[in-house]
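Q: I have a new structure to look at, and I would like to learn how to read its features one at a time. Could you walk me through it?

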Amino acid sequence: MNMSIALVIGISTYYQKQATKFKEILSSPQDLFTYEIGRIIHGILQAALMSVIFLALVICVRFIFSSSEEIGLMAASIAGILLTSVWLVPFYSWLCRLTNLYFALGIGFLSSILAMFLSRTAFSMWWPFDWGMLLNNMWLKGDFVFGSWSLSICSLILGFILSIFSAYSFKKQ
């Protein structure tokens, strides 16, 4: 999910940056804070659509290989991954706008690699790029504990804070 969000947000920001360098948006009378919040909400909707497509693919693979995993647990796991990845949308939106698509993809790739190494350690709770993997492991085992819900809540709070930061940064641009 990390890399796909980085790619989708990065490409949309890249094309907008290449086409006009945000000049038509920056010179418009529209509130730039509201515009950036709208872009972030659009990115969250795109991430939700990617999750639905991924769920459909997982269900198809389940039937092809006749797996015994419950579809409800798979759907809950993918929903949890989406919830813990919400903060990535404003993060990549801000990062792509200030740097470029390739730098954001590099950060996404390196953070995903680091998350794989940290996933079985005590530090994984402190690495937000690993929250989706942690939640996935908990929920697939049927372990709906408070820790798993706190990851989702922390992700939503971090997403809200980063959205305000990204929108404020765009407004000052």
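Q: Is Tyr 14 buried, partly exposed or exposed?
A: The general idea is a scale of relative accessible area: buried means under 20%, exposed over 50%, and partly exposed in between, with a 1.4 Å probe and protein chains only. Tyr 14 has a relative accessible area of 28%, so it is partly exposed. Tyr 15 counts as exposed, at 55% relative accessibility. This is a predicted model, where local features need pLDDT of at least 70 and side-chain atom pairs count only at pLDDT 80 or more, while totals for chains, interfaces and linings use all residues. Residues are numbered from 1 along each chain as its sequence is written, and side-chain values use heavy atoms, leaving out hydrogens and water.

Q: How many aromatic pairs does a search of the whole structure find?
A: A pair of aromatic rings is described by the distance of the centres and the angle of the planes. Rings of Phe, Tyr and Trp (its six-membered ring) pair if their centres lie within 6.5 Å; planes under 30 degrees apart count as stacked, over 60 as edge-to-face and the rest as tilted. The search of the whole structure finds eight such pairs. In one of them, the ring centres of Tyr 14 and Tyr 15 are 5.6 Å apart and the planes meet at 65°, so this pair is edge-to-face. Trp 127 and Phe 129 form a tilted pair, with 5.2 Å centre to centre and 45° between the planes.

Q: Which residues do ring pairs link into a cluster?
A: The cluster holds Trp 87, Phe 91, Tyr 92, Trp 127 and Phe 129. Trp 127 is partly exposed, at a relative accessible area of 23%, whereas Phe 129 is buried, at 18%.

Q: How many residues of helix 5 are buried?
A: Helices (H or I, at least four residues) and strands (E, at least two) are DSSP runs, numbered from the N terminus. Helix 5 covers residues 88–98, and nine of its 11 residues are buried, which leaves it mostly covered. Among the buried ones are Phe 91 and Tyr 92, both also members of the ring cluster.

Q: What does Ser 152 touch?
A: Contact means heavy atoms within 4.5 Å. Not counting residues up to four places away in sequence, Ser 152 touches Leu 83, Thr 84 and Leu 135. Ser 152 is found in helix 8, residues 146–171, and is buried, with a relative accessible area of 3%.

Q: Where does Ser 51 lie?
A: Ser 51 is in helix 3, residues 32–64, and is buried at a relative accessible area of 7%. Leaving aside residues up to four places away in sequence, Ser 51 touches Met 1, Ile 78 and Leu 82.

Q: How many helices and strands does the protein chain have?
A: The protein chain has eight helices and zero strands. Its radius of gyration is 17 Å, close to the 16 Å that the globule rule gives for 173 residues, so the chain is as compact as a globular protein of that length. That radius is taken over C-alpha atoms, and the rule is 2.2 Å times the number of residues to the power 0.38. Along its principal axes, the C-alpha trace spans about 55 × 35 × 25 Å. Of the 173 residues, 40% count as buried.
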